[in-house]
Amino acid sequence: MKNIFLSMLILLMATLVVKADRMTVSGVVTSVDEGDITLPGVTVTVQGTTRGTITDGDGRYEIAVSPEDTLRFTFVGMRPETIPVEGRSVINVGMELDVAELGEVIVTGYGTESRRLISGSVGVVSSEDLEESNMRTIDGVLQGRSAGLQITQSSGTPGAANAIRIRGSSSISAGNQPLVVVDGIPVTTGDFGQVGFSGQGIDALSDINPNDIESVTVLKDASAAAIYGARATNGVILITTKRGDQAETQISFNATTGMQDIENRLDMLNAQQWHELKGTQPGDPAAMVDTDWLSEVLSTAPTMNYELSARGGEEQTQFYVSGSYLNQEGVLIGTSYERLSGRLNLDHTVNERLDIGMNVGVSYALNNRVEGDQSLNAPLANAIANPSIYPVYNEDGTYNEDAPFANPVAIGKEAINEAHNYRTIGNIFADYRILDNLTFNTTWGFDYLSLREHSYDPAITRQGARSNGIGLEGLSNVLNIVSNNTLRYLNTFDEVHNMEVLGGYSFERFERRNSFIRGVDFPNAYFQYVAEAGTISEASANATDRGMNSFFGQLRYNYDYRYILSFTARYDGSSRFWDENRYGFFPAASVAWRMSEEDFFRAWGTPISELRWRAGYGITGNDGIPDFAYLSLYGGGANYLGQSGIFPRGIANPDLKWETTYQYNAGVDVGLYDDRIEMSVDYYYNHTKDLLFSRPISYTTGYGSITSNIGELENRGIELTLSTVNIDNTVFSWSTDFNISRNRNKVLELYQGQPLDNLGRGSNSVREGEPIGIFYGYKSLGVDPSTGDIVFADITGDGQVTSEDRTKIGDPNPDFTGGLTNRFRYQNFELSVFLQFSYGNDIFNGTRIYIESMKGSDNQTTAVLDRWQQPGDETDVPRASELDPNNNNRISSRFIEDGSYLRVKNLRLSYRFDPDVVARMGMRSARVFVSGENLLTFTNYSGMDPEVNYAGADDLRRGTDFFTHPQVRTISLGLSLDI
């Protein structure tokens, strides 16, 4: 009994001690930047515990604590406050506006920054822009959305590669595609296919699902991009994917289905017109064959896309997970694109000092392709070229092959051309806070791409019949491993000196493994893999390894958010150069002045809410040349009399060095009427020296070329971005986004002044004093009414027209590019209209050389019905002549056309259901929409589509249409649910 009483007494005393340690703290939370107004909804927690509360409508709070506890106050848009209790019963807190309130926070190199504190030139594509587009590739979504970012969809082939340029082309052959970074990791871009499809390459960027993207930042000048050093000469596109947050799990579902077709088709001669042109007898009109070949290979095709995602988490762990399925049937027979993708992003707080996380995206894509453009085995090209007098099928149901070119229906239905693409992009990261303002980050990432190509032409096709079946197998494995390690210090001194210092080290290792095999002579159409081929006609395998390591640093400073300085430097080493030139140093600096923050400016009482002047200068590099060009390389396979052998493959050039671009930028940002009107203007000048190019050398050396630093070029331009909130009330709103840019490119110097001439079907040329890729040929003065022949200009004035009379006849580079978006909201209805345009660019319509030649076996367009036929005829179409002694079809300005266009790129009308109705159904929101892509195109171009290039993303062969697949028009219905 005595022991029980003693135990009860000890327990009672312990309870009293605990109660004595407990106390109640109360207070009021205010905003010191906004006249000490009270802040309702502030989260107040006891640090290190799950205990917490929120302030009431008057900013008051009350919470039970221990004297040694620490309180943490957090509120959206405010800097978090951490205050020790220290035995006090009343703690009033004044919270300051976060720096993020100085404009939206955007992703920059290795970090984030308030937009109004950025002194470089950047463009931002918002999640709203991404959501409005039904394009299912990143480059398709970004087109026309940011000033200075030019994206050319070279063809309408599903999943095809596109050309992306930021502020023009800074190189002749070392690459002009920008660096693309996903969640801090540079990703593999380009076409890694080995089976040629005449410019219709595979785009590695098409593996990434745009629905997973939160935002896109475009770094355009050196001061913004130099932190990426050698990879940043052509600009940087930073992609940030969606992440979880501290909230209940939110599930989103999107479904879209639609139909695709071709807006414009060529008007070809029918059978009767063909016979009249050729002067042949059609025979019995009732039995005359009249095949519309284009209708046989082009059709309306379905497309569908389904996306499911979930995001959420609690204080320690947040997640985002998604999955999607895209199926796009091609409008051209034999083409389609199918993609499955998934993503998982995790963030976890281990303790007060350590955060860890991971991002991983996986995808599988199946691309069914057909040959295109200049191939003789291309369904679209052959459908255009084959006269309509030939049938698709023979009477016994077999394919008719009497036409001059292979039966396009047989190719599209019987040939197999599959590209299986497996892609994984991922990283893991850790942030460790060494001190309150000193953080170490390490990120390890990888990008693995495996492309398997399978192609088979059975003997039933004309191409396959030549070899009794042709089979191809290609395998490309590409791995890029990246490690970024940074130390970041942030601090504020005397409340006005804000500083951030970043130092880091990174390395990349790139590995590529290719194998290819070709077999012929197959038993029958049921055997399509090379294991069954009677003869292996070709086989190869190769490997490439290269690396890069870098040291970099950055200092950002601002005084009272008014005077802003940024200094960046990067020291890059590339395995593509010899030891003496292996490392390059790439510095940059920029300044900005927020004039609107000056007292004298505020005293003027202007409607200007933001006025910021910017200027920057920096140097970036480029190493985009073949690997190990500085070495004397040898190759195997030089076998003789049954013995293996090697042979020299090129001349060494140990003097190779970095291609270097010196970039200047000046800009101004203006906000009016509390930023209801925002405008940015930038002027830039980029000067590239030591151009890397494989220049020709005398064949007496035993070789035809050597990679060298040969010349200089420049890009200069101006960009304008304008955003306005025209009307904004509870019933109706209307906002507008507009951007336009002008870039002028000029080649300043080439090796010994020698031009690079006769490049591609359009006879593109690179010459001193001219932009890259101008069209060079004969100047047409029109048709001579007396003879019916084209009159060509005698440039030299020597009385005869020779090759010396060739001159500049066109320029594929546009004068202006841009986009215009208008968004309207009326109650629950929303309408978005996006127009995209290009002005001042020329197109060489190479298709017309054949389909307006009036000679040979190609079908012709109905334009030849207006041909010259007798003396006195005035027309722009010359006479029909099989011999054509005047060579009317030579490359000349006759085939140069204005490629300017204005396109209704996207139109989207949506209806958002009433929130109360949706809530009763257990959902947060529900919306239905109808949208159209490429709905209308306004252009003077006579071809099927002005946005074409038969050579894909080629740096030199530009702006040429040669039987190229046009863009498709899509009309879709969709549903979006948030649960």
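A search of the whole predicted structure finds 29 aromatic pairs, where rings of Phe, Tyr and Trp (its six-membered ring) count as paired if their centres lie within 6.5 Å. A pair of aromatic rings is described by the distance of the centres and the angle of the planes; planes under 30 degrees apart are termed stacked, those over 60 edge-to-face, and the rest tilted. The model is a prediction in which local features need pLDDT of at least 70 and side-chain atom pairs count only at pLDDT 80 or more, whereas totals for chains, interfaces and linings use all residues. Residues are numbered from 1 along each chain as its sequence is written, and side-chain values use heavy atoms, with hydrogens and water left out.

The rings of Tyr110 and Tyr228 have centres 5.2 Å apart and planes at 25°, so this pair is stacked. Tyr110 lies in the loop between strand 9 (105-108) and strand 10 (111-114), and Tyr228 in the loop between helix 4 (222-225) and strand 17 (236-241); the pair thus links distant parts of the chain, 118 residues apart. Helices (H or I, at least four residues) and strands (E, at least two) are DSSP runs, numbered from the N terminus. Both Tyr110 and Tyr228 are buried, a term for residues under 20% relative accessible area, with exposed meaning over 50% and partly exposed in between (1.4 Å probe, protein chains only).

In the pair formed by Tyr664 and Tyr685, the ring centres are 6.1 Å apart and the planes stand at 35°, so the arrangement is tilted. Tyr664 belongs to strand 33 (residues 659-672) and Tyr685 to strand 34 (residues 677-689), 21 residues apart. Tyr664 is partly exposed, with a relative accessible area of 41%, whereas Tyr685 is buried at 18%. Ring pairs also link Trp444, Tyr505, Phe507 and Phe551 into a cluster.

Charged side chains are also placed over rings, a contact that requires NZ of Lys or CZ of Arg within 6 Å of the ring centre and within 35 degrees of the ring normal. Arg546 lies over the face of Phe510, 4.0 Å from the ring centre. Arg742 is likewise placed over the face of Phe816, at 5.3 Å from the ring centre.

The structure holds 53 salt bridges, each defined as a side-chain nitrogen of Lys or Arg within 4 Å of a carboxyl oxygen of Asp or Glu. One of them joins the side chains of Glu401 and Arg462 (3.2 Å, N to O). Glu401 lies in the loop between helix 7 (379-385) and helix 8 (408-414), and Arg462 in helix 9 (residues 462-466), so the pair ties together parts that are 61 residues apart in sequence. Glu401 is partly exposed, at 24% relative accessible area.

A salt bridge between Glu852 and Arg848 has an N to O distance of 3.1 Å, and both residues are buried. In another, the closest N and O atoms of Glu597 and Arg594 are 3.5 Å apart. Arg594 is buried, at 2% relative accessibility. Salt bridges that share partners join Arg594 and Glu597 with Arg116, Arg602, Glu610, Arg612, Arg614, Asp669, Asp675 and Asp682 into one network.

An open sheet of 3 strands has the order 48-47-52, with mixed pairing; two strands pair if DSSP finds at least two bridges between them. Strand 48 (896-898) and strand 52 (960-961) are the edge strands, each pairing on one side only. Strand 47 (residues 842-845) runs antiparallel to strand 48 and is joined to it by 3 bridges. Ile843 stands opposite Glu897 in strand 48.
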